[in-house]
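Visitor: Hi, I'm new to this one and would like someone to walk me through it. Could we start with whatever loop you like and go on from there?

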There are 2 protein chains.
Amino acid sequence: MKIIVVGGTGTIGKAVVRELGERHQIITISHHHGNLTVDIKDVASIQKMYEAIGSFDAVISTVGKVHFGKMVDMTDSDYAVGLHDKLMGQVNLVLQGLKHINEGGSFTLTSGILSHDPIRYGTSASMVNAAIDGFVRSAAIEMPKGIRINSVSPTVLAESMESYGDYFHGFEPVTAERVALAYSKSVEGAQTGQIYKVGY
Amino acid sequence: MKIIVVGGTGTIGKAVVRELGERHQIITISHHHGNLTVDIKDVASIQKMYEAIGSFDAVISTVGKVHFGKMVDMTDSDYAVGLHDKLMGQVNLVLQGLKHINEGGSFTLTSGILSHDPIRYGTSASMVNAAIDGFVRSAAIEMPKGIRINSVSPTVLAESMESYGDYFHGFEPVTAERVALAYSKSVEGAQTGQIYKVGY
């Protein structure tokens, strides 16, 4: 398969490329590095990326920013960060990708544990992760041409504990290597409309 | 209690006013009618509404628009309707309301069954309803001064079946009168961070 990994230079993305690269052609996309880049907040940038690639069999997205902050200090603009980037950035990867993806292809998005297991300062992440999972469940029943869609919802990464561990006391971390398996199941399996929880 | 019902002239809102009006002071807010109106898409309009009301004990929101359409034809702007109106409109009612609500007060938002049980043309509703529930679960753990927050997630209304029934074949409708009980439980009970599913 020809698989696009948007965010393939990040912690999860690199593990996904390692897992799937053994048996598939991988096109790694990042925001800043390499020949192909994308700004997922910008629909025109997404269109340009897909036009440069041509047809493909799967898109994996492991990207998306949200603003973390104390709820009582959060503003409409703080929530807009996550809605435009992690949520609509990934949704627009699907909407635009549908014009280029091969029959029977798949989309795999990334949400996260905070949708159901909140932490302090995480209201935007909880909102956005839940929204991604809601979109995936619904989009799956409207996909044309046998195209599938799933999301991977990991708990906190072991690799992130040094930076974010103080916000996740009591959460059992999971390695990016284990998280990568869920993307393999999504792309190489046959399920659709699934939220793959990893590590919880 | 002094209870603000945003959307109090709608189908659910009227039932909520009937249920809670027997034992509380109700301030009914709509988009168009009455002395007090609000455009929930506009933070300044929300601020103006709260300043006109002064302090209060509870906010119930039964409002919010989303765009329904075939997923493959949906655009970024179509999704923006629901994100700005039903999602951030209700979230901004909370963020701004926190500046005026009494200690021990409560917020009750409205999501809906499509978060988990999708229909054709409903990807935006599924996304937005799930996002509201995710926000509520998370906001609950950061609320100051004993303030609570819950959402009510009803299935399709019996009163809406004439208009929308064709999209909801096989769904068992629920009357607005039954849905109103969940708002009573949220406001008059002591729970927080709950998603009250009604009729499913």
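Guide: Let us begin with Tyr121(A), which lies in the loop between β4 and α4 of chain A; please keep in mind throughout that this is a predicted model.

Visitor: Okay, and is Tyr121(A) buried, exposed or partly exposed?

Guide: Tyr121(A) counts as partly exposed, because its relative accessibility is 30%.

Visitor: Which residue in the loop between α4 and β5 of chain A could I look at next?

Guide: You could look at Lys145(A), which is placed in that loop between α4 and β5 of chain A. Lys145(A) is not a glycine, yet its phi is positive, near 50°. With a relative accessibility of 55%, Lys145(A) counts as exposed.

Visitor: Switching to the sheet in chain A: in what order do the strands come?

Guide: The order is β2-β1-β3-β4-β5-β6 in chain A, six strands that form an open sheet with parallel pairing. At its edges are β2 (25-29) and β6 (195-198) of chain A, each of which pairs on one side only. From one strand to the next, the twist averages 20°.

Visitor: Which helix packs on the sheet and touches β4, β5 and β6 of chain A?

Guide: That is helix α4 of chain A, residues 123-139, whose direction makes about 155° with that of β5(A). Helix α6 of chain A, residues 176-188, lies across β1, β3, β4, β5 and β6 of chain A, and it runs at about 155° to β4(A).

Visitor: How many bridges join β3 to β4 in chain A?

Guide: Four bridges join strand β3 (residues 56-61) to strand β4 (residues 101-110) of chain A, and these two strands run parallel. Within that pairing, Ile60(A) stands opposite Thr108(A) in β4(A), while Ala58(A) stands opposite Ser106(A) in β4(A).

Visitor: And what is the bridge partner of Ile3(A) in β3(A)?

Guide: The bridge partner of Ile3(A) is Ala58(A). As for the strands themselves, β1(A) and β3(A) run parallel and are joined by four bridges.

Visitor: Why is β3(A) described as largely enclosed by the rest of the structure?

Guide: Because five of the six residues of β3(A) are buried.

Visitor: Let's hop to chain B. Where is Asp57(B)?

Guide: Asp57(B) is in strand β3 of chain B, residues 56-61. Not counting residues up to four places away in sequence, Asp57(B) touches Met1(B), Lys2(B), Ile101(B), Asn102(B), Gly105(B) and Ser106(B). The C-alpha atoms of Asp57(B) and Ser160(B) are separated by 30 Å, with the two residues 103 apart along the chain.

Visitor: What about Gly97(B), buried or exposed?

Guide: Gly97(B) counts as buried, because its relative accessibility is 0%. Gly97(B) is found in helix α3 of chain B, residues 76-97. If its neighbours within four places in sequence are left aside, Gly97(B) is in contact with Tyr50(B), Phe56(B), Asn92(B) and Phe107(B).

Visitor: And which helix holds Ser45(B)?

Guide: Ser45(B) is in helix α2 of chain B, residues 43-53, and with a relative accessible area of 16% Ser45(B) is buried. Its contacts, again leaving aside neighbours within four places in sequence, are with Val38(B) and Asp39(B).

Visitor: Last topic, helix packing. At what angle do α1 and α6 of chain B pack?

Guide: Helix α1 (residues 11-21) and helix α6 (residues 176-188) of chain B pack at an angle of about 60°, and their axes are 8 Å apart. That angle makes α1(B) oblique to α6(B), and α1(B) passes α6(B) in a right-handed crossing.

Visitor: Which residues make that contact?

Guide: Among them are Thr11(B), Ile12(B) and Ala15(B) of α1(B), together with Val179(B), Ala180(B) and Tyr183(B) of α6(B). The residues of the contact of α1(B) with α6(B) divide into nine nonpolar, two polar and three charged.

Note on methods
Residues are numbered from 1 along each chain as its sequence is written. Chains are lettered from A and ligands numbered from 1 in the order in which they are written. This is a predicted model: local features need pLDDT of at least 70, side-chain atom pairs count only at pLDDT 80 or more; totals for chains, interfaces and linings use all residues. Side-chain values use heavy atoms; hydrogens and water are left out. Axes are lines fitted to C-alpha atoms, for helices over the stretch in contact, and angles run from 0 to 180 degrees between N-to-C directions. Angles under 35 degrees count as roughly parallel, over 145 as roughly antiparallel, 65 to 115 as roughly perpendicular and the rest as oblique. A crossing is left-handed if the near helix is turned anticlockwise from the far one by less than a right angle, and right-handed if clockwise. Contact means heavy atoms within 4.5 Å. Ala, Val, Leu, Ile, Met, Phe, Trp, Tyr, Cys and Pro count as nonpolar, Asp, Glu, Lys and Arg as charged, and the others, Gly among them, as polar. Buried means under 20% relative accessible area, exposed over 50%, partly exposed in between (1.4 Å probe, protein chains only). Two strands pair if DSSP finds at least two bridges between them.
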